[in-house]
Amino acid sequence: MDRLIEIYNKEERLVVGLMSGTSVDGIDAALVRIKGKGTDTEVDLLEFENYPYSDEMREKIFKLFSPETGTVDKICHMNFILGELFANAALGVIKKAGLTPDKIDLIGSHGQTIYHIPSPIEDSGYMVRSTLQIGEPAVIAERTGIVTVADFRVRDVAAGGQGAPLVPYTEYIMYREEDKTIALQNIGGIANVTVLPAGCELDDIIAFDNGPGNMVIDEIVKRLTDGRMRFDENGALAGKGKVDQVLLEELLDDDYFKKTPPKTTGREYFGSQYVDKVIKRASELNVWGYDLAATVTALTAKSIALSYRDFIMNQYGLDRVIIGGGGSYNETLVNMIRGYLDGVEVLTQEDIGFNSDAKEAVAFAVLANEAINGNCNNAVKATGADHPVVMGKISM
């Protein structure tokens with residue numbers, strides 16, 4: 001306990017945040033200096049690096065997403081393998097910053113989500129939500145010698161929440177403004193948004209998953225190119241195509257887009273089986289190649305814009321959208337969003353001097369800092385939890 005007390009008593013901490021998202025591109029590692037706690041938190045990004053997964057490792061992780069191939073022995077084994085990879089990522093970014101592990105106070109690790117069941121299922125007399133993230137934190141702590149806080153989502157789920165989205169708490173701390181309503185739009189595999197109404201308190205924020213971010217686009221591009229491309233770099237393929245409005249409107253007529261927040265989704269809904277249906281319908285409409293890439297890119301863009309219209313703008317208005325995540329580098333996608341949001345300022349994290357790639361890794365460093373301070377770090381209006389909780393398990 002002496003070690004935790006020493007960290008707790010510090011006014012300033014060096015923390016590594018680790019994140020691997022639904023796109024399974026690799027591990028984002030951010031080293032930050034954090035001063036204070038709660039609404040007094042100040043965060044400075046000192047170093048960032050992305051550590052890509054090998055093709056072999058991506059294939060192994062993707063097998064875990066399916067009940068048919070994600071067998072218990074594979075999950076058990078990969079939990080520890082990913083722990084090793086997360087530890088190496090933490091050590092790598094520390095070394096890149098010219099520091100040594102003994103100078104670092106904390107690691108905050110999101111892990112890798114392999115299954116997420118946010119809607120309650122009745123079983124044995126219990127109504128149970130569940131979620132599973134792997135990347136064993138005990139391995140991270142053992143390999144680095146650094147106190148590790150991880151597995152954040154499960155406490156919110158235990159409290160009746162959806163365990164997602166988790167970044168709204170950190171976004172409230174870092175981005176809120178008195179006179180502007182701001183939407184912080186992350187576009188990873190899944191698109192998720194945090195809305196900070198002008199002059200808001202923590203209980204006023206709104207956050208939810210809009211729907212597919214890069215997930216459907218990536219899978220379509222992979223199939224269009226027979227696996228030669230994993231994503232549409234800068235939206236180049238979609239930029240050459242024409243959006244098929246018939247297919248787009250059919251795709252938007254999906255129950256998920258109509259569901260009132262709080263809501264979350266994932267690969268279980270918008271993964272390969274969903275893409276199978278998209279391709280089947282596209283074939284019937286004779287939509288292929290660049291046009292199909294353009295249409296699914298428009299699906300992401302317009303579903304984001306419609307979610308603002310349906311759930312945000314009537315009540316709060318909307319002054320500014322700040323886009324982060326891998327989708328912020330897709331110029332075609334960002335321009336489509338601008339087109340669907342005429343009159344709203346649309347920026348990227350880079351436009352305001354931040355780093356789109358680092359944003360979520362930084363968030364988990366902040367969540368770890370809050371956990372060590374004993375502060376509740378979920379946003380109940382975003383997750384639907386019954387009450388605030390301290391998220392994160394500590395490995396020493």
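User: Why is D151 called buried?

Analyst: The relative accessible area of D151 is 18%. Buried means under 20% relative accessible area, exposed over 50%, and partly exposed in between, with a 1.4 Å probe and protein chains only; D151 is therefore buried. The residue sits in the loop between β6 (147-150) and α5 (153-158); helices (H or I, at least four residues) and strands (E, at least two) are DSSP runs numbered from the N terminus. The model is a predicted one, in which local features need pLDDT of at least 70 and side-chain atom pairs count only at pLDDT 80 or more, while totals for chains, interfaces and linings use all residues. Residues are numbered from 1 along each chain as its sequence is written, and side-chain values use heavy atoms, without hydrogens or water.

User: Which peptide bonds are cis?

Analyst: Cis bonds include the one from A164 to P165, with omega near -10°, and the one from P261 to P262, with omega near 5°. P165 is placed in the loop between α5 and α6, and P262 in the loop between α10 (255-258) and α11 (267-270).

User: How do you know that S23 and V24 are buried?

Analyst: S23 has a relative accessible area of 10%, so S23 is buried. For V24 the value is 0%, so V24 is buried too. Contact means heavy atoms within 4.5 Å. Leaving aside neighbours within four places in sequence, S23 has R58, F62, G188, G189, N214, D218 and R267 as contacts; with the corresponding exclusion, V24 touches Y53, R58, I61, F62, F65 and Q112.

User: What makes a group of residues a nonpolar core?

Analyst: Such a core is a set of buried Ala, Val, Leu, Ile, Met, Phe, Trp, Tyr and Cys residues joined through side-chain atoms within 4.5 Å. The largest one has 51 residues, of which I220, F270, L292, Y308, V321, I337 and L341 touch the most other members. Helix α13 (residues 289-316) gives the largest share, 12 residues. A second, separate core of 40 residues includes A30, Y175, I182 and A379.

User: Why is the space beside Y175 called a pocket?

Analyst: A pocket is an open set of points on a 1 Å grid where a 1.4 Å probe fits, with protein on both sides within 12 Å along at least five of seven lines; lining residues have an atom within 4 Å of a point. The second largest pocket has a volume of about 240 Å³. Its lining has 16 residues, and the closest to its centre are L45, M174, Y175, F354 and V362. Two or more lining residues come from each of β3 (42-52), α6 (168-175) and α15 (359-372), with the largest share, 4 residues, from α6.

Definitions and conventions:
Points joined across faces, edges and corners; volume = space filled by probe spheres on them.
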